[in-house]
Structures are given as structure tokens and as C-alpha cells.
Amino acid sequence: MTKHEIECEQALRQVFEYIDHVLDDTERAAMEHHLHTCQSCYSRVEFEGRLKAKLGELKKYDADPTARERIKKLLESF
Amino acid sequence: MGISRQAFEDQALALLGSLSRVARRLTANPADAEDLVAETVARAWRALDSLKTEVAFRAWIFSILHNTFVSELRRADARPRLVSVECDEAEEEEVQFSIFEQMHQPFLLWFSNPEQAFLDKLLREDLERALASLPEHHRVVVVLSDLEELTYGEIAEALGIPVGTVRSRLARARGALQKILWQQAREYGLDAVAPASREGSDGGTDAPRQAAAGAIVPKEKGLIP
């Protein structure tokens, strides 16, 4: 194993940081190398990424802010 | 003053949707959410000197929103619908719940993919209900991260906690959310709701209530223990 290779235990610890794009370039490369070789970790990342995306879609259904006119008047009063 | 009056107005109006969404999920009440956003903008204007650069505006105004929410909670904490925002990280579960670990069956991949099927059947109503069930300190990190796409650094700034705490709290919050989704699945999955009634309703706004009630229905035999 080279210094850039990681095993499942470390990959699983980094799943959320990977899907949140907070790993540095070296960590990300090591993670992606592992994901290319490990079906189970790949499936885990795919699952967590899809769940995060589904949560992100919730905002599409929120109504427009009803407070827009109130906030505009408030800003004008400053 | 860190930015001009015009820049403040532009930024505040540009972020109004985002502030309103977070406020709604913090207060669980549209009228309270509107008041919270208005109070946030008013406090932000008065505190404009504390804004260092325009780049930091989003994290800065979310920190004011969160502080305003917390102070309102503390002021009115006798009201029964309000929940505590206090949390003790050390007392929380170290082992995070994972739906994937509950469902993934590597030796059955050729036959089915139950965890992906679970996601396919997950409706907006399931997620909203689970999100609303989370304690506030968990809900707010999930909302800021996964709905509003703030960076860990911005969330740290908004909540007044270290980035490392954002990382660990977000992991716990996601585990807690998955545990609620799993419990909902077990609760509703045991009642027969025709899967056909759910087809094509993923993310829809008008799904029948009874379909929403059975929204997560991994009905394949053996899927739920």
C-alpha cells in the first residue's frame, strides 16, 4: 500500500467530508482511488450523496418568502 | 461600516429566500419565521460595523438569524412548543446510525439494491417530517449544509462553533435523521399501502395523504427486519 492508499475504515470516516467537498486534493485523490476499487464504499458514498441531494431538493418546494414587501419597507426605513 | 447601504440591501434581498427557508425550519411556524427574518435584518443593519467584508455577509447574517432565534427561544422558553437548543456533544451517540449499514446486502447486489430502492421511495414529506423531528441543534446544521449549501466554515461562523464541531455535529445529525427515517419506514412499512399509489409522486406537492403516510415503504419481503 502506498502512502496515498486508504482502506475501508478510513474511507467510511471520510464519506461525509467527501460528499461535502471538504477533503484536500490528496485526501480526495486517495478516496477516489479507494472508491474505484471498493464496491461497498462506492455504494455507501452513492447512497449518502443521493440522500444529501434529496434534502437539497426540499428548498425547491418552499414558497416564496412572504416577507419580501415587509423587508423592502424595513430596508427603506433605515 | 464594512459595506455600503446599497450593498447591504442587495445582499439582504438576495438572501431573503434562504433566510426565510432556514427561519421556517427553525420556528416551524410561518408567522414566527417572518418575524425572525425581519428582526434579523433589523439587527444586521444595526450591527453592520461588525461585518468585516462583503464576502462574509452570508455567514454573518445567518449568525445573526441564529442568535436572534436562540435569544427568542430563551426569552419565551415557557412556551411548550419550543425546544431546548442546548446540547451536550459528549452525551450524544458516538456510533452514528446508518440506513446503508442496515440495508446493504453485498451478496445480493446481482439481485437487488435495497438501499437505493429505499431512496427511490423516499418522498419529500418523509424528509420534511424527519427533518422537523430532529432536535434544533441537529436540524440547523443539516439545513445550513444540505439545503442552503453553506461551507463548514460558514456554518461554524453562523453557529459560533469550531469547524471541527460542525464536522462532528453534522455527522451525528445525519445519523439521527437516518434513524428517524428508518423508524418512519418501519412504522409505516408495516401497514399495507399500495406501492403503485406512490409511483411518480416522488417530490410532488400533491401526493395523497395516505400515500405520504406510507411514504417509505420498502415492502420487498425481508427488507425490514
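**A walk through two chains**

Modeller: Let us begin at a loop: B:E149 sits in the loop between helix 8 and helix 9 of chain B. Please keep in mind throughout that this is a predicted model.

Colleague: What is the phi of B:E149?

Modeller: B:E149 is not a glycine, yet its phi is positive. The value for B:E149 is about 60°.

Colleague: Which residue of chain A has a positive phi without being a glycine, and where is it placed?

Modeller: The residue is A:H21, with phi near 60°. A:H21 is exposed because 9 other C-beta atoms lie within 10 Å. Its place is the loop between helix 2 and helix 3 (25-37) of chain A.

Colleague: Back to chain B: which residues of helix 9 are buried, and on which side of the helix are they?

Modeller: Helix 9 covers residues 152-159 of chain B, and its buried residues are B:Y152, B:E154, B:I155, B:A158 and B:L159. They span an arc of only 160° around the axis, which means that they lie on the same side of helix 9 of chain B.

Colleague: Which residue follows helix 9 of chain B?

Modeller: The residue has a positive phi, near 70°. The residue after helix 9 of chain B is B:G160.

Colleague: Is B:Q184 buried or exposed?

Modeller: B:Q184 belongs to helix 10 of chain B. A residue is buried if 20 or more other C-beta atoms lie within 10 Å of its own. B:Q184 has 21 C-beta neighbours inside 10 Å, so B:Q184 counts as buried.

Colleague: How many Å separate B:Q184 and B:R129, C-alpha to C-alpha?

Modeller: In sequence, B:Q184 and B:R129 are 55 residues apart. In space, their C-alpha to C-alpha distance is 9.2 Å.

Colleague: And B:R74, is that residue buried or exposed?

Modeller: B:R74 is part of helix 4 (residues 57-75) of chain B. It has 12 C-beta neighbours inside 10 Å, so B:R74 counts as exposed.

Colleague: What separates the C-alpha atoms of B:R74 and B:E39?

Modeller: Along the chain, B:R74 and B:E39 are 35 residues apart. The separation of their C-alpha atoms is 16 Å.

Colleague: Now the overall make-up: how many helices does chain B have?

Modeller: From the N terminus on, the elements of chain B run α-α-α-α-α-α-α-α-α-α-α. There are zero strands, and the number of helices in chain B is eleven.

Colleague: What about chain A: how many helices are there?

Modeller: The order of elements in chain A, from the N terminus on, is α-α-α-α-α. Chain A has zero strands, and its helices number five.

Colleague: Where do the chains meet, and which helix of chain B gives the most to the side that touches chain A?

Modeller: In this contact, 33 residues of chain B meet 27 residues of chain A. The chain B side divides into 18 nonpolar, seven polar and eight charged residues. With six residues, the one that gives the most is helix 3 of chain B.

Colleague: Finally, which element of chain A has the lowest mean pLDDT?

Modeller: Chain A averages a pLDDT of 89, with 90% of the residues scoring at least 70. Among its elements, helix 2 (residues 15-19) has the highest mean, 97. The lowest mean, 88, belongs to helix 5 (residues 68-77) of chain A.

Technical notes. Residues numbered from 1 in each chain as written. Chains lettered and ligands numbered in written order. Predicted model: local features only at pLDDT ≥ 70, side-chain atom pairs only at ≥ 80, totals over all residues. Contact = placed C-beta atoms within 7 Å. Helix = DSSP H or I, 4+ residues; strand = E, 2+ residues; numbered from the N terminus. Nonpolar A, V, L, I, M, F, W, Y, C, P; charged D, E, K, R; others polar. pLDDT = per-residue confidence, 0-100. Arc of directions from axis to C-beta.
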